[in-house]
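Hi everyone, thanks for coming. I'd like to walk you through one model today, so let me put it up on the screen.

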Amino acid sequence: MTEYSLPAEEYSTLRVSVDQGVANVVIDNPPVNVLGVELMTEVLHFLKTVRDVPSVKVIIFSSAIPDFFIAHVDMTLDPQSAAFAELMEAAPKGLNVFQSVSEAVRNQPQVTIVKLAGIARGGGAEFVTAADMTFAATETAGLAQCEALMGLTPGGSGTQYLTHRLGRNRALEVLLGADLLDAPTAERYGWINRALPAAEIDAFVDRVSRNIAALPDGVIEAAKLAVPPKDLAEGFLREHDAWAGLIARPAAAKLIQGGLERGAQTPEGELRLEGLLRDLWEDVKEPAAG
């Protein structure tokens, strides 16, 4: 079978290479790989481009930035921008923009694997959860749904994926506790496949991906047909309504802006994001009714 050739255009936030049926997609959007409009657009474009390419069997997502996979959705994102409007228009019916990115990953016909060496929060954690498999570095990887610390609930599929994968009790712990889970805890909860020593993760993911890519024709398709993604359509609508009702409140805007002013979306601030955001709470508490 002819090896897939990359399109002529170059991506700004992705580095893509293909070898022996395995596409390696390295996310490179410094300083912390925020999930902004450009990254979402390029991820969707790449997934669509290779969707019907039979020589691409496996897609591995990793990061060029050691400390971060995808930090979270860009806190400076302008929902009024033309580029965001294009993403909204292209989103499938019943999904918002952020859910559409997660669902594109979750419904990709190729096997999708995340190699998680750093931190993924918010939309980045939703991206991880959407993948078919995730292997994480024991010493350095971390996962969190941090939206509660910004006065929000997840709006990009996190509530639905986690309830399905972890169960309601642990999903609520992740959503409302809003703590950064290390890789061994994420493995124990069922959020990821395995936690592996950092020194071993590259070789392990390489072996797994090449073994899958070498399977006889039709095996991957049959397996994914037999184990389909759960239909979460009604839950996505509930999730969006919950998120939209909170994003309009003054507290969310104050927390997001305050977080940016105190170092969110900088490498130093992102390494201590939970504490940084919790320090803002006293400043944004709304007075009690009555």
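Predicted model: local features only at pLDDT ≥ 70, side-chain atom pairs only at ≥ 80, totals over all residues.

**A walk through the fold**

Strand β1, residues 14-19, runs antiparallel to β2, and 6 bridges join the two. To find your place on the screen, look for Ser 17, which stands opposite Asn 24 in β2. Now, what does β2 pair with in the parallel sense? That partner is strand β3, residues 58-63, again over 6 bridges.

How enclosed is β2, residues 22-27? Because 5 of its 6 residues are buried, the strand is largely enclosed by the rest of the structure.

Next, the helices. Helix α1 covers residues 37-50 and packs with helix α3, residues 97-106, at an angle of about 35 degrees, with the axes 10 Å apart. Their crossing is left-handed. On the α1 side you can see Met 40, Leu 44 and Leu 47, and they meet a set of α3 residues including Phe 98, Val 101 and Val 105. By class, this contact has 8 nonpolar residues, 1 polar and no charged ones.

Let me turn to another sheet. Here 4 strands form an open sheet in the order β4-β6-β8-β9, with mixed pairing. Which strands are at the edges? They are β4 (68-70) and β9 (181-182), each pairing on one side only. β9 pairs with β8, residues 142-144, in the antiparallel sense over 2 bridges, and Leu 143 has Leu 181 as its bridge partner in β9. Packed on this sheet is helix α4, residues 123-130, which touches β4, β6 and β8. The direction of α4 makes about 100 degrees with that of β6.

I'd like to finish on one residue in α4, namely Val 128. Why does Val 128 count as buried? Its relative accessibility is 0%, and the cut-off for buried is under 20%, so Val 128 qualifies. Leaving out residues up to four places away in sequence, Val 128 touches Phe 69, Val 114, Leu 116, Ala 120, Thr 134 and Leu 143. Val 114 lies 14 residues from Val 128 along the chain, and their C-alpha atoms are separated by 6.3 Å.

Technical notes:
Residues numbered from 1 in each chain as written. Heavy atoms only, no water. Axes fitted to C-alpha atoms, helices over the stretch in contact; angles between N-to-C directions. Left-handed = near helix turned anticlockwise from the far one by under 90°. Contact = heavy atoms within 4.5 Å. Nonpolar A, V, L, I, M, F, W, Y, C, P; charged D, E, K, R; others polar. Pairing = 2+ DSSP bridges. Buried < 20%, exposed > 50% of the residue type's maximum accessible area, 1.4 Å probe, protein only.
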